[in-house]
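Trainee: I'm new to this one. Could you take me closely through a single part, the open sheet and the helices that lie on it, and then show me how helices meet elsewhere?

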Amino acid sequence: MVSKVLIIDDEEKIRTLLSKIIILEGFDVVQADDIKNGFKKLELADVDVVICDVKLTDGSGIEATKKIKEKYPLVEIILLTAYGNIADGVQAMKNGAFDYITKGDDNNKIIPLLYKATEKVSLAKRVIQLEKQLGNKYSFDNIIGKSKTLGASIDTAKKVAGSETTVLLTGETGTGKEVFAQAIHNASNRNKQNFVAVNCSAFSKELLENELFGHKAGAFTGAVKDSKGIFEEANNGTVFLDEIGEMPLDLQAKLLRVLETGEFLKVGDSKSIKVNVRIVAATNRNLQHEVEAGNFREDLYYRIAVFQISLPPLRERIVDIEELAALFLQTFATKTNKKINMISKGYLEALKQHSWKGNIRELKNVIERSVILTDSNELTEDSLPAELQQLSSVGVREKILSGFDLASAEKIHIQKVLNYTNGNKTETAKLLNIALTTLYRKIDEYQIK
């Protein structure tokens with residue numbers, strides 16, 4: 001895309017000469033004879049660089065620079081003056097000018113400066129675009145699935161995202177806890193700061209302590225200089241502690257101190273460091289049971305579980321399998337440069353019958369394996385792992401429920417209670433004495449209208 005340059009100068013000859021030179025370099029040029037008209041051009045055209053005279057009929061180019069940068073922060077401004085002085089030059093740079101040069105003496109600098117200024121603008125625009133893409137990538141809108149159980153979890157996460165509350169995400173391995181944690185961070189007031197994740201089960205106690213809190217030089221053999229831990233790296237941002245149930249008890253005490261005071265000690269240090277972080281934790285364990293077994297501190301549990309969000313397993317989100325499979329197919333087909341754009345009915349049926357102990361992560365692995373093995377434009381049962389092929393041979397998942405079948409009786413009872421409450425699911429769940437997420441799962445499973 002061609003960069004656009006605005007020249008603001010009250011001398012027509014200078015504007016015309018500069019325009020010719022700059023157009024020959026491949027830039028688009030617009031002109032204005034004073035500051036007022038310059039702002040009109042800025043409103044109408046997508047200007048990258050302004051070349052502006054310091055002394056104009058309706059004001060100072062140095063003062064105009066400040067106003068331009070306030071309204072158009074990405075625009076770079078090169079100021080031209082007939083008589084340069086240090087004081088004006090300093091003020092121009094303070095006001096945000098890219099450079100301040102003298103007419104005549106510095107004419108040879110204009111084109112090189114123009115290229116440098118447009119490069120800076122182009123880079124800034126790319127950074128903004130990447131930040132926007134990253135923000136979209138980790139937004140709640142990009143969490144795939146239309147099941148009611150998932151929708152309930154997303155709605156809850158959206159409500160808590162804007163607060164500073166500590167969040168505990170619970171659910172089986174592979175249910176997308178880190179995706180939720182990133183979405184919570186992205187929707188919070190801390191989204192411009194770091195999101196730093198650590199898996200507490202991936203390190204020994206000593207290494208995890210160093211990973212979390214950092215160390216002072218000389219703290220142990222090989223510690224030749226100070227090192228930051230993730231709490232320092234994430235200051236003013238969000239720390240995601242995955243598999244927090246695996247954290248050793250003595251480190252739990254240090255984490256509790258961070259939650260209560262915002263302070264911690266580096267390994268080998270005696271001076272505490274203060275940080276401001278939000279903690280989102282996740283576990284696939286029942287932490288209440290871990291507290292009872294003496295494996296997890298009760299006081300820490302109540303600090304991190306201020307707000308709990310349970311993520312449903314994939315077997316409770318069967319309606320989402322087709323959409324997830326299509327997404328993973330597109331991803332891996334592109335990655336392997338294969339033109340696979342269809343999934344057979346039998347293949348999908350097998351996916352829907354599987355128990356998915358590894359949840360979304362397992363589904364992703366199955367699709368990747370199938371793409372690698374497939375030579376046609378369609379995923380079929382032949383490319384499935386053996387255990388899923390057996391399921392596909394069973395036939396259609398939906399079975400006719402007999403009057404003696406326990407599931408049939410359960411379906412009929414749920415339908416009756418829903419009719420009684422006029423479809424109020426919250427009230428229905430209370431009357432059935434089950435969790436609302438369980439009710440949604442059974443409505444999906446039995447296809448209750």
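Mentor: Let's start with the sheet and then move on to the helix pairs.

A quick note before we dig in: this is a predicted model, where local features need pLDDT of at least 70 and side-chain atom pairs count only at pLDDT 80 or more, while totals for chains, interfaces and linings use all residues. Residues are numbered from 1 along each chain as its sequence is written, and side-chain values use heavy atoms, with hydrogens and water left out.

The sheet is open and has five strands in the order β2-β1-β3-β6-β7, with parallel pairing. Helices (H or I, at least four residues) and strands (E, at least two) are DSSP runs numbered from the N terminus, and two strands pair if DSSP finds at least two bridges between them. At the edges sit β2 (28–32) and β7 (99–102), each pairing on one side only. From one strand to the next, the twist averages 20°; axes here are lines fitted to C-alpha atoms, for helices over the stretch in contact, and angles run from 0 to 180 degrees between N-to-C directions.

Look at β1 (residues 4–8): five bridges join it to β2, and the two run parallel. One detail to find is K4, whose bridge partner in β2 is D28.

Now for the helices on the sheet. Helix α1 (residues 12–24) lies across β1, β2, β3 (49–53) and β6 (76–81), and runs at about 170° to β2. Helix α4 (residues 86–94) lies across β6 and β7, at about 150° to β7.

Elsewhere, helices pack on each other. Take α13 (residues 321–336) and α14 (residues 345–353): their axes are 10 Å apart, at an angle of about 120°. That pair is therefore oblique, the word for whatever is left once angles under 35 degrees count as roughly parallel, over 145 as roughly antiparallel and 65 to 115 as roughly perpendicular. In α13, I321, E322 and A325 meet L348, L351 and K352 of α14, where contact means heavy atoms within 4.5 Å. By class, this contact has four nonpolar, no polar and two charged residues; Ala, Val, Leu, Ile, Met, Phe, Trp, Tyr, Cys and Pro count as nonpolar, Asp, Glu, Lys and Arg as charged, and the others, Gly among them, as polar.

Last, find α17 (residues 406–420) and α18 (residues 425–432), whose axes come within 9 Å and cross at roughly 130°. That angle makes α17 oblique to α18. H413, I414, V417, L418 and Y420 of α17 make the contact with K425, T428, L431 and L432 of α18.
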